[in-house]
Amino acid sequence: MVINLASVEQRRINYACCALGYMAKYLQNQKYGDKSCEQNRNLWLYMLWAKSVADRTPYFENGDWNYDWNNDFNVYGFSECVTHDFAQQVFAKADCYCDQCGCPPQDESSDFPPTDSCDPEVTYTVIRAVDVSERVAIEAAGPTIGDKYIVVTNTGGTVWVVNTIVEWNGSGWDQTTIAIGQNTLASNTGDLWTTLGFGLPGLLYPTVTMTFVAAPGQYIFQSDYPQVSQFAGRTAMVEILTPGGWVMLFQGPEADLASPQVYDLSGFSFTSVRATYTLGDCSWTSENGSIEPPGCTLPRDHDCNDHDTSAHK
């Protein structure tokens with residue numbers, strides 16, 4: 001280990017920074033009763049001491065390292081500095097706990113700005129999501145080699161299979177089965193589709209549908225893609241848009257939205273419903289969902305079972 005101007009000054013900065021980092025961890029651990037509390041306290045104090053050693057390490061041994069015309073190893077009979085041998089022993093151990101502080105060096109070959117850690121990984125990019133029945137019309141329109149679609153439903157058709165990426169090769173379709181956890185971006189809408197359970201694709205951030213079931217204001221709401229919600233492992237929050245702003249109706253495991261949830265919304269006027277999904281430090285909000293029947297969403301002053309709701313304008 002070489003002791004010089006650059007190495008000493010870098011350690012003074014690093015050790016101070018790491019001491020603050022360990023102190024912050026210690027205080028957080030203490031607040032929440034984490035078992036690593038004492039370990040972080042010890043590292044905090046150790047880095048403070050290592051920083052003090054770096055402060056007392058001269059750039060040149062047996063000399064005037066701070067250029068004040070004094071021999072810094074012997075001022076009035078007292079040593080102000082530590083020896084290089086001692087500093088090397090301290091640095092060798094302290095570096096194990098603080099080899100770098102702050103941002104790592106930027107790889108010049110990497111993309112900038114860096115990808116947000118909350119951005120999901122996209123495996124496939126396609127033109128749009130389609131039903132099996134759309135194959136005939138797409139072929140009649142003359143697809144271009146390389147055109148790709150994700151098949152998400154089958155209301156009646158042949159050749160294509162749900163949960164596949166289909167790609168036109170000039171004379172037919174190459175089909176790739178989507179694996180569990182793979183995400184597909186539909187370019188036309190920007191929607192992300194995923195496959196998590198039962199081999200059925202669904203929106204990665206499922207919309208929610210609210211349905212009126214009984215007077216005066218009983219509704220059920222449910223994920224439009226329960227095959228995603230059941231297996232995503234996230235926390236969900238469902239909100240409705242009232243004249244006064246968004247009001248939370250539900251907060252809990254997203255898996256609960258795979259089944260109908262019943263709520264009495266008597267007295268509420270609302271026009272939209274949405275869901276926000278959280279996993280760790282990341283959260284994502286769905287597009288606005290549907291309210292059925294739309295003519296009976298506001299106000300709750302009559303019973304939609306008493307008349308034909310198709311007459312609502």
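Predicted model: local features only at pLDDT ≥ 70, side-chain atom pairs only at ≥ 80, totals over all residues.
Q: How many disulfides does the structure hold?
A: A disulfide is a pair of cysteine sulfur atoms within 2.5 Å, and the structure holds two. Residues are numbered from 1 along each chain as its sequence is written. Local features need pLDDT of at least 70, side-chain atom pairs count only at pLDDT 80 or more, totals for chains, interfaces and linings use all residues, and side-chain values use heavy atoms, leaving out hydrogens and water.

Q: Which cysteine is joined to cysteine 18?
A: Cysteine 98, with 2.0 Å from S to S. The link is right-handed, with 75° about the S-S bond.

Q: Is cysteine 98 buried or exposed?
A: Buried means under 20% relative accessible area, exposed over 50%, partly exposed in between (1.4 Å probe, protein chains only). Cysteine 98 sits at 2%, so it counts as buried. Cysteine 18 is buried too, at 10%, while cysteine 96 is exposed at 63%.

Q: What about cysteine 118 and cysteine 282?
A: They form a disulfide, with sulfur atoms 1.9 Å apart. The torsion about their S-S bond is about -80°, so this one is left-handed.

Q: What is the volume of the largest pocket?
A: Rolling a probe the size of a water molecule over the atoms shows where empty space is left. On a 1 Å grid over the protein atoms alone, a pocket is an open set of points where a 1.4 Å probe fits, with protein on both sides within 12 Å along at least five of seven lines. Here the largest has a volume of about 160 Å³, the space filled by probe spheres set on the points, joined across faces, edges and corners.

Conventions. 1 Å grid on protein atoms, 1.4 Å probe; cavity = no way out; pocket = protein on both sides within 12 Å on 5 of 7 lines; lining within 4 Å.
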